[in-house]
Amino acid sequence: MVADRDILTVALPKGTLYHNSVKLLGLAGLDTEFIQDPGRQLLLYSVKDAVRFIICRPTDIPTYVEYGAADLGLVGKDTIVEQQKDVYELLDLKFGGCRFMVAVPEGAEQDLHKWNQARVATKFPRIAEAFFRQQGMQMEIIKLHGNIELAPIVGLAEMIVDLVSTGRTLRENKLVPVAEVLNSTTRLIANRVSHRLKNERINPLVEKIRQVVEEGKLEA
């Protein structure tokens, strides 16, 4: 399935990535004034640009794009890697940076390879499993949906793999990072069929976005 051929549909992430996503598209020439503060609206149209914006949870964006409900989407690299959807990654947009780290309790062994066959708690089992496989380590991956830092405290797991920005949460829970798993930034992705059938719409926009990113206009 591909969204209406006369309309370009772009999936935007709710939450922390939303403001910069909208700003980037505005700098690339799209009319984004009316989506600065969408309120509870989840579907908005720009008649001027013949663009439809879908506003949804970041974790849902690869699904919308894979199935063609959206032609383009802006989403973190971590979500792309974890979900392994069949989408075309077009650009690194250079914002929304975060790191996935392996963390262990303070005072514990900090040589990662001495933790072989340990239990690892994470919200991102595929990312964690791939990382440890690359390290030649066999780990027991335990998937949780939140409060990952609690797992070592109560003995559920020996270590965690989680997103780290400032490191404050780790410190507050007496955890220390011992290895970087993945460095993630926001990416522009496309539906593979849309990228072929709507190339006259998509390619010029991609080039404008690329120019904004390369010139650092988003940071200004």
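## Helix 8

The buried residues of helix 8 are Ile202, Leu205, Val206, Ile209, Val212 and Val213, where buried means under 20% relative accessible area, exposed over 50% and partly exposed in between, with a 1.4 Å probe and protein chains only. Seen down the axis of helix 8, these buried residues fall within an arc of 120°, so they line one face of the helix; the arc is that of the directions from the helix axis to the C-beta atoms. The face turned away from the buried side carries the exposed residues Glu200 and Glu214. Helices (H or I, at least four residues) and strands (E, at least two) are DSSP runs, numbered from the N terminus.

The structure is a predicted model, in which local features need pLDDT of at least 70 and side-chain atom pairs count only at pLDDT 80 or more, while totals for chains, interfaces and linings use all residues. Residues are numbered from 1 along each chain as its sequence is written, and side-chain values use heavy atoms, with hydrogens and water left out.

Helix 8 has 16 residues and reaches 21 Å from its first C-alpha to its last, close to the 22 Å expected at 1.5 Å a residue; the expected span is 1.5 Å times one less than the number of residues. Gly216, with a positive phi near 70°, follows helix 8. The buried residues of the helix pack against strand 1 (8-13), helix 1 (18-27), strand 4, strand 5, strand 11 (186-190) and helix 7, contact meaning heavy atoms within 4.5 Å.

An open sheet of six strands has the order 2-3-1-4-11-5, with mixed pairing; two strands pair if DSSP finds at least two bridges between them. Strand 2 (43-46) and strand 5 stand at the edges with a single partner strand each, so one side of each is left without a neighbour in the sheet. Neighbouring strands of this sheet are turned by 25° against each other on average, direction ignored. Axes are lines fitted to C-alpha atoms, for helices over the stretch in contact, and angles run from 0 to 180 degrees between N-to-C directions.

Strand 1 and strand 3 (residues 51-56) pair in the parallel sense over six bridges, and Leu12 has Ile55 in strand 3 as its bridge partner. Helix 1 packs on the sheet, touching strand 1, strand 3 and strand 4, and its direction makes about 145° with that of strand 1. Helix 8 lies across strand 1, strand 3, strand 4, strand 5 and strand 11, running at about 30° to strand 5.

## Strand 4

In a regular strand the side chains alternate between the two faces of the sheet. Five of the five residues of strand 4 are buried. Both of its faces are covered, with Leu72, Leu74 and Gly76 buried on one side and Gly73 and Val75 on the other.

Strand 4 pairs with strand 1 in the parallel sense over two bridges, and Gly73 is the bridge partner of Ala11. Strand 4 and strand 11 run antiparallel and are joined by five bridges; here Leu72 stands opposite Ala190.

Another open sheet, of five strands, has the order 8-7-9-6-10, with mixed pairing. Its edge strands are strand 8 (140-143) and strand 10 (175-184), each pairing on one side only. The twist averages 25° from one strand to the next. Strand 7 and strand 9 run parallel and are joined by three bridges, with Val120 opposite Met159 in strand 9.

## Salt bridges

A salt bridge is a side-chain nitrogen of Lys or Arg within 4 Å of a carboxyl oxygen of Asp or Glu. By this rule the count comes to twelve. Asp71 forms a salt bridge with Lys198, the closest N and O atoms being 2.9 Å apart. Asp71 lies in the loop between helix 2 (61-66) and strand 4 (72-76), and Lys198 in the loop between helix 7 (192-197) and helix 8 (199-214), so the pair ties together parts that are 127 residues apart in sequence. Asp71 is buried at a relative accessible area of 0%, and Lys198 is buried at 3%.

Asp86 forms a salt bridge with Arg192, with closest N and O atoms 2.7 Å apart. Asp86 lies in the loop between helix 3 (77-83) and strand 5 (88-92) and Arg192 in helix 7, so this pair ties together parts 106 residues apart in sequence. Asp86 is partly exposed at 45% relative accessible area, and Arg192 is partly exposed at 43%. A network of salt bridges links Lys77, Glu89, Asp92, Lys94 and Arg187.
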